[in-house]
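These are my notes from going through one model. I took the overall figures to begin with, then single elements and residues.

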Amino acid sequence: MESELQSTTEEMMFSRRNFMFIAAASLFSKLTLATANTQKKILIITYRGETEVEAGFKDFFNKKNLPVQFETRDLGRDIGKMSEITDEIKKIKPDLILSWGTSTTLALVGPYNEIKQANVNNIPVVFALVSSPVESKIV
């Protein structure tokens, strides 16, 4: 019984990792092939304001001259604000989300084995500065 549960958990981890990789690769190729008339929207969610991480992320797209519109939402060190942001995400439907930090990313996507309706699971999410993403059950 325990080995069946472990097998199912490992399959879920593998599936979510594959989905995240495929989704990110797909979006990147779409952005790379995009014409000047096809602007993509990337939402950046920060925990304590913009850092060098977000600046470098934006710089990458700008240096490649990719047609991207960035929008930023800051939690102001209050993870409780995430529900407000996830509601907004469902309305604005960004093409990609960059999430900063472990608690921010967990609040956004949820642990892979406890995904809730409020979590974002239909938009590719790139995360940065996440400690132990496997142990945190993000991937």
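I looked up the accessible surface of the protein: about 8400 Å², with 53% of it belonging to carbon and sulfur atoms. Areas are by the Shrake-Rupley method with a 1.4 Å probe, and for residues only the protein chains shown count as cover. The model is predicted, so I kept to its limits: local features need pLDDT of at least 70, side-chain atom pairs count only at pLDDT 80 or more, and totals for chains, interfaces and linings use all residues. Residues are numbered from 1 along each chain as its sequence is written, and side-chain values use heavy atoms, with hydrogens and water left out.

Burial and fold. I noted that 37% of the 139 residues count as buried. Buried is under 20% relative accessible area, exposed is over 50%, and partly exposed is in between (1.4 Å probe, protein chains only). I found four helices and four strands, in the order α-β-α-β-α-β-α-β along the sequence. Both are DSSP runs numbered from the N terminus: helices are H or I with at least four residues, strands are E with at least two. Of the contacts between residues at least 6 apart in sequence, 77% join residues at least 24 apart; contact means heavy atoms within 4.5 Å.

Helix H3. Which residues of H3 (82-92) are buried? I listed Met82, Ile85, Thr86 and Ile89. They share one side of H3, because the arc they cover around the axis is only 100°. The arc is taken from the directions from the helix axis to the C-beta atoms. Residues three or four places apart point the same way because an α-helix has 3.6 residues a turn. Glu84 and Lys91 are exposed on the other side of H3. The cover over the buried residues of H3 includes E1, E2, strand E3 (96-100) and helix H4 (102-109).

Cores. I counted a nonpolar core as a set of buried Ala, Val, Leu, Ile, Met, Phe, Trp, Tyr and Cys residues joined through side-chain atoms within 4.5 Å. The largest has 15 residues, and those touching the most other members are Ile45, Met82, Ile85, Ile89, Ile97, Leu108 and Val120. E1, H3 and H4 each give two or more residues to this core, and H3 gives the most, with three. A second, separate core has nine residues, among them Ile42, Phe61, Val68 and Leu96.

Ile45. I placed Ile45 in strand E1 (residues 40-46), at a relative accessible area of 0%. Leaving aside neighbours within four places in sequence, its contacts include Arg73, Met82, Ile85, Ile89, Ile97, Trp100 and Leu108. Ile45 and Arg73 are 28 residues apart in sequence, with C-alpha atoms 4.9 Å apart.

Glu71. I checked Glu71 in strand E2 (residues 68-74). Is Glu71 buried or exposed? Glu71 counts as buried because its relative accessible area is 17%. Its side chain makes a polar contact of 2.8 Å with the side chain of Arg73. A polar contact is a pair of N or O atoms within 3.5 Å; within protein, one must be able to donate a hydrogen and the other to accept it, and residues adjacent in sequence count only if both atoms are side-chain atoms.

Positive phi. Most residues other than glycine have a negative phi. I noted Lys93, not a glycine, at about 45°; Lys93 lies in the loop between H3 and E3 and is exposed at 61% relative accessibility. Ser132 has a positive phi of about 50°. Ser132 sits in the segment after strand E4 (125-128) and is partly exposed at 40%.
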